[in-house]
Amino acid sequence: MTTTPPPSLPSDLDGFERSAATSLDPATYRYLANGSGANVTRDANRRAWDQWTLRPHVLRDVSHISTATTVLGAAVELPVLIAPTAMQRMAWIDGELAMARASAAAGTVLVTSMAASYSVEDVAAAAPGGTRWAQMYLLRDAGRTRALAERARDAGYAAIVLTVDGAAVPYGRRRLADGLELAQPFSFPNMLLPGEPLDTPLTELVNDFDPATTAADIERLASWSGLPVVVKGVLRGDDAARAVDHGAAGIVVSNHGGRTHDGCAATAIVLPEVVDAVAGRAEVYVDGGIRAGIDVARALALGARAVLIGRPTLWGLAVDGTPGVVAVLAALSEELVRVMAFCGAPGLDSLTRDLVDPNGAVHHHA
Ligand SMILES: Cc1cc2nc3c(=O)[nH]c(=O)nc-3n(C[C@H](O)[C@H](O)[C@H](O)COP(=O)(O)O)c2cc1C
C-alpha cells in the first residue's frame with residue numbers, strides 16, 4: 001500500500017507566486033498580478049520596503065517571541081490581515097470560502113471584497129469563528145452600499161472597510177478586456193439590491209462609484225451600519241487626519257497594489273507621514289508589496305498596527321486552496337519571528353521606529 005505524500009508547498013512568498021504562475025492560466029495570472037499602466041507603482045511598492053534598513057538591537061532577551069496583537073480590539077495571532085481582492089473564484093474553485101477558512105485557521109482578519117464571488121453571508125458561514133471586515137465602495141446608488149453595510153453587520157462582520165481610491169477607475173473593465181476569458185460566469189452577490197438577478201453585469205455596477213464621495217460619507221457609513229469604518233486607499237497625512245476627524249477608526253495606507261492609477265507614491269514611503277498625522281487617534285495599516293517577514297517588521301516599526309497582503313493570498317489559494325493560504329501566512333509569521341529575534345524585539349510593541357533607517361533614497365514630508 002502506498003500513501004500519497006503531502007504536497008510540498010513553497011517556503012516563501014516568491015515561491016508561491018512562481019507556483020501560482022504555473023498553475024493558473026496565463027491570462028488569469030496576468031490579471032491578478034498586474035498593476036495599472038507600466039506597473040511602476042506595483043513594483044515601487046515592493047522595492048520601497050527594501051529602502052528601510054534595519055538597526056537591530058542586541059543584548060536583549062528574545063527567548064520568547066510573540067506576534068500576537070489586536071486590530072480594532074480583536075485578537076489576531078499575527079499582524080498580517082488578508083486584503084480584499086475581487087472574484088477569488090478566479091484563483092480557486094470556492095474562492096472566498098476557502099480564503100475565509102484559511103483566515104480563521106491562521107487567526108487573522110479576513111477582509112471580504114464588495115466584488116467577491118460569494119455573498120458576505122456565505123463567507124461568514126464558511127468560517128463562523130473568524131474575524132471579518134467587509135470592504136465596500138460608495139456607489140452612486142448609495143442604497144446598494146447601505147444594503148451591504150447592513151448585511152455585513154447582520155452577518156457578524158466587525159468593521160466596514162471603505163475603499164476610497166477606486167472612484168477614478170472603472171474597476172476591472174480595462175483589465176478584464178486584456179485577453180481574459182473567465183472560465184465560469186461570475187456573479188457579484190454583494191453589489192446587488194434585494195431581488196436583483198445574480199447575473200447583473202459587474203461593469204454596469206462598478207462604473208457607478210460615486211465620484212462625489214467625501215470624508216463626510218465616513219460618518220454616513222458608520223451610522224448605517226453601527227460598525228467602525230476603516231478608510232482604505234490613503235496616501236497623505238492630511239487626508240488621513242481628515243478621515244479620522246470624520247470618524248474613521250482605521251486608515252489603510254494603500255495604492256491598491258498599484259492597480260488604480262500608475263505613478264503613485266510607494267506605500268512604504270508615505271507610511272510615516274500618515275502615522276504622524278494620525279497621531280494615535282486611529283489605527284494605521286498598510287499594504288502594497290509586502291512579501292517577507294522583514295517587510296512586516298519594517299511596517300510595524302514605522303508605526304503600522306498591522307499590514308495587509310493581497311496577491312500573496314491569491315497565490316496561496318491558487319496553489320492549494322485553504323492550506324495554501326495558511327502556508328503563506330505561516331511563512332510570513334516564521335520570517336517575522338526570526339527578524340524580531342534579530343532586532344531584539346520579543347513583542348510587536350518593541351518594533352519601534354529607531355529600528356529602521358531610511359537608506360538614502362527614502363524621504364517623507366514632515
Ligand atoms: C486581483 C486583485 C483584486 C483586488 N480587488 C480589490 C477590491 O475589490 N477592493 C479593494 O479595496 N482592493 C482590492 N485590491 C487591492 C488589495 O486590497 C490590496 O490593496 C493590494 O492587493 C495590496 O497590494 P499587494 O497585492 O502587493 O499585497 C485588489 C488587488 C488585487 C491584486
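**Cavities and their linings**

Reply: The second largest cavity is lined by A100, S103, A104, T108, L110, A127, G130, T131 and R132. The model is predicted, so that local features need pLDDT of at least 70 and side-chain atom pairs count only at pLDDT 80 or more, while totals for chains, interfaces and linings use all residues. Residues are numbered from 1 along each chain as its sequence is written, and side-chain values use heavy atoms, with hydrogens and water left out.

Me: What makes a residue such as A100 part of the lining of the second largest cavity?

Reply: On a 1 Å grid over the protein atoms alone, a cavity is a set of points where a 1.4 Å probe fits but cannot get out, and lining residues have an atom within 4 Å of a point. A100 is listed in this lining, and therefore meets that cut-off.

Me: Which element gives the largest share of the lining of the second largest cavity?

Reply: That is α4, with 3 residues, where a helix is a DSSP run of H or I with at least four residues and a strand a run of E with at least two, numbered from the N terminus.

Me: What volume does the largest cavity have, and what does volume mean here?

Reply: The volume is about 370 Å³, and a volume is the space filled by probe spheres set on the grid points, which are joined across faces, edges and corners. The lining of this largest cavity has 27 residues, with P84, T85, H256, R259 and G310 nearest its centre.

Methods:
1 Å grid on protein atoms, 1.4 Å probe; cavity = no way out; pocket = protein on both sides within 12 Å on 5 of 7 lines; lining within 4 Å.
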